[in-house]
Each structure stands twice: as C-alpha cells, then as structure tokens.
Amino acid sequence: MPAEDEVRAAVAALVAAFGEGRLDDYFDAFAPDCTFLFHTTPEVLPSVQAYRDLWARWVADDGFTVLSCSTSGTDIRVFDDVAVVTHDVATRVRIAGEERDLRERETIVLRRVDGRWLGVHEHLSPAS
C-alpha cells in the first residue's frame, strides 16, 4: 500500500476513535512523547500522558464528552518516514450538560515507527 494511503487510514482510524469515544484506541494512535498544542490550553502538552491527564480533568470538572467528529479538506504530504496531515475538523461535544459544535483546523505530524504511522505532534486551532 502506498505511504499516503497508509497515512490516510491511520488518520481515519484516529478520528473515528476520537469521535466514538474509544479513548484507548485514540491515545494509542500517538507516540508516547507526542506533543499537543491546542488553542484551548495555555501550555504545550509534552506527552500523551499529559493529554490523558488533562482529558480526565475535563471529564471530572465539566463532564466533557465527544459526541461525534468528522474531517474534510484533508491534505497529506509524505516525506519518507514522516507525514504532515492538515484538515478541517467538525466536532460535537457536551460540556457542562450543553452540546456544542466546534469548527477547528488541525495539523498532525506522523512518523512511521515499526511499520505503523503514529502521531508525534498535533496542533489544533480555531477555524477562521
């Protein structure tokens, strides 16, 4: 399978796991030392564990739940064992009992590790 198709499948699996609330599958799509830069948090998260901890706080403090997620406008650039994916993200969430629709843009940098494409950096920003 061509590398671009492998990356597309890896990202589709990541988005599906996120949108379906399969958190172990979602977090498993990233290398343990992946960094995360979100417009909703003041600091860069330096690892999957830091993101898991933040997610747990969102759930405990606000009842945060992802209800669905879809992407569009996906662009994939493969450079040997590194890929850069950009796309538009539409997510429906529940926060403090209120459902909200989020529109964001995302870049995910992936690296092929032992034949598997894993996220090594994710950057999420509001859609303009």
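The following is a working chat about the predicted model shown above.

Q: Before we start, what are the ground rules for numbering and confidence here?
A: Residues are numbered from 1 along each chain as its sequence is written, and side-chain values use heavy atoms, with hydrogens and water left out. This is a predicted model in which local features need pLDDT of at least 70 and side-chain atom pairs count only at pLDDT 80 or more, while totals for chains, interfaces and linings use all residues.

Q: Fine, so how many helices and strands are there?
A: The protein has three helices and five strands, and along the sequence they come in the order α-α-β-α-β-β-β-β. Helices (H or I, at least four residues) and strands (E, at least two) are DSSP runs, numbered from the N terminus.

Q: And what about the radius of gyration versus a compact globule?
A: A compact globule of 128 residues would have a radius of gyration near 14 Å, and the protein agrees because its own value is 14 Å. That radius is taken over C-alpha atoms, and the globule rule is 2.2 Å times the number of residues to the power 0.38. The C-alpha atoms fill a box of roughly 45 × 30 × 25 Å along the principal axes.

Q: What share of the residues is buried?
A: Buried residues make up 37% of the 128 residues, where buried means under 20% relative accessible area, exposed means over 50%, and partly exposed lies in between (1.4 Å probe, protein chains only).

Q: Let's go to α1; what is its span against the expected one?
A: Helix α1 covers residues 3-19, which is 17 residues, and reaches 24 Å from its first C-alpha to its last, close to the 24 Å expected at 1.5 Å a residue. The expected span is 1.5 Å times one less than the number of residues. After α1 comes Gly-21, whose phi is positive, near 75°.

Q: Which residues of α1 are buried?
A: Val-7, Ala-10, Val-11, Leu-14, Val-15, Ala-17, Phe-18 and Gly-19 are buried in α1. As background, an α-helix has 3.6 residues a turn, so residues three or four places apart point the same way.

Q: Take Val-7 then, what does it touch?
A: Leaving out residues up to four places away in sequence, Val-7 touches Ile-76, Val-78, Ala-83, Val-85, Leu-110 and Trp-117. Val-7 counts as buried because its relative accessibility is 0%.

Q: Switching to charges, where is Glu-104, and which opposite charge is nearest?
A: Glu-104 sits in strand β4 (residues 98-113); this residue is buried yet has no salt bridge, and the nearest side chain of opposite charge, Arg-103, is 8.4 Å away. For charge, Lys and Arg count as positive and Asp and Glu as negative, with His and the chain ends not counted. A salt bridge is a side-chain nitrogen of Lys or Arg within 4 Å of a carboxyl oxygen of Asp or Glu.

Q: What polar contact does the Glu-104 side chain make?
A: The side chains of Glu-104 and His-39 are joined by a polar contact of 2.8 Å. A polar contact is a pair of N or O atoms within 3.5 Å; within protein, one must be able to donate a hydrogen and the other to accept it, and residues adjacent in sequence count only if both atoms are side-chain atoms. Apart from residues up to four places away in sequence, Glu-104 touches a set of residues including His-87, Asp-88, Leu-124 and Pro-126.

Q: How many salt bridges are there in the whole structure?
A: A search of the whole structure finds 12. One of them joins Arg-22 and Asp-25 at 2.7 Å, N to O, and Arg-52 forms another with Asp-24, whose closest N and O atoms are 3.3 Å apart. Arg-52 lies in helix α3 and Asp-24 in helix α2 (residues 23-28), so this pair ties together parts that are 28 residues apart in sequence.

Q: Is Asp-24 buried or exposed?
A: Asp-24 is exposed, with a relative accessible area of 55%, whereas Arg-52 counts as partly exposed at 29% relative accessibility.

Q: Which residues form a salt-bridge network?
A: Arg-92, Arg-94, Glu-99 and Asp-101 are linked in one, and within that group the side chains of Arg-92 and Asp-101 meet at 2.7 Å, N to O. Arg-92 is partly exposed, with a relative accessible area of 27%, and Asp-101 counts as partly exposed at 48%.

Notes: Contact = heavy atoms within 4.5 Å.
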